[in-house]
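Thanks for coming. Please put the model up on the screen, and I will talk you through a few parts of it.

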Amino acid sequence: MVLELPKRWGKNSEFEGGKSTINCSTIPIAERFFTSSSSLTLKHAAWYPGETLGPHVVLLTSDNTIRIYSLSSPQTPVKMITLSDADEETLRLNKGRTYTALIGETAVAFDFGPLAVLPKNVTGQREKEDVLAYPMYILYENGETFLIYINLLHSTSNLGKLLGPLPMYPAAEDNYGYDACAVLCLPCVPNILVIATESGMLYHCVVLEGEDDDEQMSVKSWDSRADLIPSLYVFECVELELALRLASRDGEEPIESDFSCPMKLHRDPKCPSRYHCTHDAGVHSIGLPWINKLHKFLGSDEEDKDSLQELGAGQKCFVEHILCTKPLPCRQPAAIRGFWIVSDILGPTMVCITRTYECITRPLLSTVHPTCPPLLCTKEEPQKSTTPLRILAESQDSFERHIRNILCRTSEKLERDGERLADKYEEAKEKQEDIVNR
């Protein structure tokens with residue numbers, strides 16, 4: 001369901017000019033589909049990032065299918081992408097669950113990356129011009145990440161093909177957890193993926209181009225020509241403290257909490273190097289101060305990508321538990337239902353809605369702030385402009401001598417003008433005396 005608010009106008013820019021009661025319109029999305037398929041559940045929903053075709057909603061359902069709906073036609077999908085093989089979906093068990101769902105091979109979340117140029121192995125050699133598309137990262141419950149390039153304006157046949165799973169380095173025996181639940185792509189190049197698990201682990205992964213020696217070919221890759229797919233380099237791992245740990249008494253072992261819950265990741269619209277994680281235990285804010293250092297490293301001539309781990313050893317991410325809704329392990333959790341960041345005079349403010357529909361606001365007094373734009377004097381010019389002052393500064397004559405020459409020419413001109421004015425004054429004076437004498 002999409003809720004559309006009315007327009008703002010008036011002195012204070014309020015809804016419908018400041019009426020105490022306003023009317024909102026609602027648009028049901030895929031209402032007939034979900035009514036006729038009661039066994040399906042909605043896993044994830046997000047807006048399509050493109051704005052040229054109007055608003056579109058992207059839905060991920062429990063049948064491992066992605067459907068894209070337009071608000072102008074909310075009952076018929078404009079595009080469908082099947083993420084699993086049809087033979088796997090036929091192996092259904094009790095209560096409508098499939099065999100792939102039991103072993104974690106079902107998609108649980110997705111996120112879009114910034115608009116990028118498609119690799120040639122995806123577009124094919126027939127495309128002469130560069131094709132732009134949005135990379136869509138799809139996270140499976142078993143921790144695997146797949147990739148799909150989507151562009152609703154382009155009709156290339158290779159768009160919408162499932163690529164992956166993306167290899168993760170350094171390799172881990174548990175594939176970095178089997179309870180993955182959320183993924184977030186930070187708006188930067190190269191893309192940085194954040195993968196969250198229900199146990200409170202966060203993995204910051206750098207998406208880098210695939211290399212020839214990588215084991216890129218997989219039985220789950222649907223495109224045989226996609227021999228080079230991106231790789232995920234796990235830059236750092238973070239474990240969130242979902243519940244406060246109690247201090248143990250003398251002689252007693254510390255109390256360990258096995259509390260786990262689903263996570264939701266949110267971008268920060270005011271700071272690209274920061275994101276937020278909401279869950280049943282409150283809100284965590286995570287800042288990545290090493291992003292600028294990473295961009296400088298990747299922009300240099302360094303070819304040893306294995307030193308990415310050493311790059312992050314100097315400066316770790318910042319984690320702040322801004323809102324705690326489960327202070328003790330014995331307390332019942334209070335889930336966060338809504339979350340957003342708004343601008344304020346004193347800085348960004350967090351707005352949360354709890355399970356009891358209570359609105360909570362907290363200022364984000366974070367140690368991570370957006371980077372300031374570079375000064376004009378620090379920008380490197382590709383070519384020096386040939387301005388008169390620059391030519392003068394680079395000439396052999398000094399600036400002081402140039403000014404003296406200008407003053408000399410000016411004084412000589414003033415002297416000549418003064419002499420002419422004095423001569424004219426004398427002539428006028430003589431003419432006046434002749435007239436008086438007559």
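First, the ground rules. This is a predicted model, in which local features need pLDDT of at least 70 and side-chain atom pairs count only at pLDDT 80 or more, while totals for chains, interfaces and linings use all residues. Residues are numbered from 1 along each chain as its sequence is written, and side-chain values use heavy atoms, with hydrogens and water left out.

Now the rings. Rings of Phe, Tyr and Trp (its six-membered ring) pair if their centres lie within 6.5 Å; planes under 30 degrees apart are stacked, over 60 edge-to-face, and the rest tilted. The search of the whole structure turns up seven aromatic pairs. One of them joins Tyr48 and Tyr134, edge-to-face, at 5.6 Å centre to centre with 75° between the planes. Tyr48 is in the loop between strand E5 (42-47) and strand E6 (56-61) and Tyr134 is in strand E11, so this pair ties together parts 86 residues apart in sequence. Strands, labelled E, are DSSP runs of at least two residues, and helices (H or I) of at least four, numbered from the N terminus.

Are these two tyrosines buried or exposed? Tyr48 is buried, at 9% relative accessible area, and Tyr134 is buried too, at 15%. Buried means under 20%, exposed over 50%, and partly exposed in between, using a 1.4 Å probe and protein chains only.

Phe235 and Trp290 form a stacked pair, 4.1 Å centre to centre and 25° between the planes. Phe235 belongs to strand E17 (residues 231-239) and Trp290 to the loop between strand E20 (282-287) and helix H5 (291-299), so the pair ties together parts 55 residues apart in sequence. Phe235 is buried at 4% relative accessibility, and Trp290 is buried at 1%.

Next, the second largest pocket. On a 1 Å grid over the protein atoms alone, a pocket is an open set of points with protein on both sides within 12 Å along at least five of seven lines, and lining residues have an atom within 4 Å of a point. Its lining has 20 residues, with Tyr149, Val207, Leu208, Glu209 and Pro230 nearest the centre. Strands E10 (116-117), E11 (132-140), E12 (145-150) and E16 (201-208) each supply at least two lining residues.

Last, Ala334, in the loop between strand E21 (318-324) and strand E22 (336-342). Ala334 is partly exposed, at 21% relative accessible area.

Note on methods:
1 Å grid on protein atoms, 1.4 Å probe; cavity = no way out; pocket = protein on both sides within 12 Å on 5 of 7 lines; lining within 4 Å.
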